[in-house]
Amino acid sequence: MKQPPGNPSVIWLHTGRLDQDLDAATWLDTTFELRKLGWRVTLITAGPWGPRSIHGTEVFCIPMPDLSLLRLLVYHVEFYLLLLKLPRPDVILFGQMSAPWLLPVRIMRSVIGSRRPLLVLDIRSVHMELSGRQSIKARLRGKYQDKISRIACTWIDGYTVITSRMAHHLGISRDQLWGVWPSGVDFELFQHARTSHSWPTQQEPVRLVYIGALHFERNLMTFCRAVEQANADGMSFELWLVGNGNERRDLEKYAAQTQGRIVVKQPVPHCDIPSILGQAHVGVLPFPDEAKFQVSSPIKLFEYMAAGLPILAARIACHTGVSGEGAYVFWAARADEAGLLEALGRIWRDRGAMPGMGVQAAAAAQACTWHASAVKLKESLERGLARISS
């Protein structure tokens, strides 16, 4: 989408593959909405060289070579070559993995005496280390991200973050915090899901669904055990786990012993998520009370809501901050097996209320769109630009 040349401009640099990432909507949908709001956005992502459209959003792709130690270097060198050909932007927005590679932009600004482009680090997650459960590569990546998040303040112009809790956790000063913009949802994408639920009768099992990363830290094995205990106690639940991650193999082994009550499914493209949620009865977020989740804004919460699903969620800040005491949530007071089993018991006793809870969830999701998130990002960028220009 072309914008008049006088509009403010941002180059948004992403090191992932937006044609593959589960959370690609964060960049694609927000870019689409920012452009509608008047910003000129050049979204750059990893992929085969050149411009392309991903899910209706125009992006520019730079190849990311499969070289474990050199891939980021090569990627950012290609970015610099591209940057020389583009009009100078007002802002370069980037994540932790790009931060050290953009220091030369700040140095060059000082050499030529320019205040543009401004460098803004956008932080969407923090690392949570589980000793002995992550590969050396994952631990090093996490430590790198956290270190960069905390020391970049010495040379960047500002931060944007996913929640105010994130800014507090990282110790970002008010002077450097440009603003907060949370996750969101494409409400219309889930329209079919909202109308396709076949709610269970008193004799039918309740189908639970989790879509996302199948990582150890997400507490999924504990939830599987709670589901099996609920079934052993005379309740009837099915659980679908959809995604990939470092615990997938263990979850598959456990699921193989459950006679089909628990199924681990392959990851799906984002466009297929509404179809899966339309076949479910409850969306699941069993995350533990850890910093990584306390400071987050989980996309799947908004997608479950937009799909018209009641939600089973651990009572932690990232969930209560969105849903409050939402009447569409079955809260687990604790994320251990006993706490999750108690929440499952309430679902089973109150399953007749699920259709009404789904309607309430969908109504609440209308305030949590990517458009609303893009407005907050736009205001953050404009506030930061005005602050530095004054």
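1. Quick definition to start: buried means under 20% relative accessible area, exposed means over 50%, and partly exposed is in between (1.4 Å probe, protein chains only). Keep in mind that this is a predicted model, where local features need pLDDT of at least 70, side-chain atom pairs count only at pLDDT 80 or more, and totals for chains, interfaces and linings use all residues. Residues are numbered from 1 along each chain as its sequence is written, and side-chain values use heavy atoms, with hydrogens and water left out.

2. On charge pairs, a salt bridge here is a side-chain nitrogen of Lys or Arg within 4 Å of a carboxyl oxygen of Asp or Glu. That rule gives 13 salt bridges.

3. Have a look at R17 and D19: their closest N and O atoms sit 2.7 Å apart, making a salt bridge. R17 is partly exposed at 28% relative accessibility, and D19 is partly exposed with a relative accessible area of 28%. R17, D19 and R52 are linked in a network of salt bridges.

4. Next, D157 pairs with R106 in a salt bridge, with 3.6 Å between the closest N and O atoms. This pair links distant parts of the chain, 51 residues apart: D157 is in the loop between helix 4 (136-151) and strand 7 (158-161), and R106 is in helix 3 (residues 103-112). Helices (H or I, at least four residues) and strands (E, at least two) are DSSP runs, numbered from the N terminus. D157 counts as buried at 13% relative accessibility, whereas R106 is partly exposed at 26%.

5. Finally, E382 and K378 form a salt bridge, the closest N and O atoms being 3.2 Å apart. Both lie in helix 15 (residues 370-389), four residues apart, or about one turn of the helix. E382 is partly exposed, at 32% relative accessible area.
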